[in-house]
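Me: I have a structure open and would like to go through parts of it. Can we start with a loop and then move on?

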Amino acid sequence: MQLYTFDISPNGKRVRIGAAEMNVPLELKNVDFQKGEQRRPEYLAINPVAKAPTLTDDGFAVWESAAILIYLATKSGSALYPMDPSARGDLMRWMFFCACHVDPYFTILVPERFLKARRGLPPDEALCAYAELQLARFVPIVEQQLAKTDYIAGQFGLADITLGCTLELSPAVKYDLAPYPKVRAWLDRLHARPHWH
Ligand SMILES: N[C@@H](CCC(=O)N[C@@H](CS)C(=O)NCC(=O)O)C(=O)O
């Protein structure tokens, strides 16, 4: 299987970590966004959204990092995506929560506070304030959950990988995790895992 991504992609990192945790070997294929490779016809043929990552498996292509993780876990029968319907429902709820209520606001903060800063440009403060306002509603939910359990859905699983790869961006985008000690301790636990790099 091939994973098309680039080195600093957080969504690509989710898949790299997940595959390593599941002992699934992947051939990494670099998509050079600086050269616009994501818009080349051969890449658009496997991912019309022109984003990374994309997984290919014997002619089948899947994109959206959470979907790729579920595909790999289903194929490998990994316990990171449990078979039990309640455990799976619990895990899926947190993966959708991440995609719907956390990722969109980091997707604002990354370009505004990280990418623009690298080019010496100021962030759009109104946009950042909107993202912060939304996160102030949703990150406390993660904190509450982690007050009850060491990992998001009880045992370490795919939801830790998706949420972790987003929330660990907090320092880079100047999102203050000081009010969330359980989230910080959980990120430390994730960072101590051998494949988390
Ligand atoms: N929801 C998608 C997000 C994919 C995404 O935004 N990827 C970023 C890299 S981490 C990207 O390709 N950005 C370039 C762009 O938006 O043009 C996923 O989870 O895979």
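Me: Where does Pro53 lie?

Reply: Pro53 is in the loop between α2 (41-44) and β3 (54-57). Helices (H or I, at least four residues) and strands (E, at least two) are DSSP runs, numbered from the N terminus. This is a predicted model, where local features need pLDDT of at least 70, side-chain atom pairs count only at pLDDT 80 or more, and totals for chains, interfaces and linings use all residues. Residues are numbered from 1 along each chain as its sequence is written, and side-chain values use heavy atoms, with hydrogens and water left out.

Me: What kind of peptide bond joins Ala52 and Pro53?

Reply: A cis one, with omega about 10 degrees. The loop between α2 and β3 also holds Ala50. Phi of Ala50 is positive, near 60 degrees, in a residue other than glycine.

Me: Ok, ligand next. Which polar backbone atom is 2.7 Å from a nitrogen atom of the ligand?

Reply: One belonging to Ala52. Such a polar contact is a pair of N or O atoms within 3.5 Å; within protein, one must be able to donate a hydrogen and the other to accept it, and residues adjacent in sequence count only if both atoms are side-chain atoms.

Me: And what about Ser65?

Reply: A polar side-chain atom of Ser65 is 2.6 Å from an oxygen atom of the ligand. For Asn11, a side-chain N or O atom is 3.3 Å from a ligand oxygen atom.

Me: New topic: at what angle do α6 and α7 pack?

Reply: About 110 degrees for helix α6 (residues 158-167) and helix α7 (residues 181-191), with axes 11 Å apart. Axes are lines fitted to C-alpha atoms, for helices over the stretch in contact, and angles run from 0 to 180 degrees between N-to-C directions.
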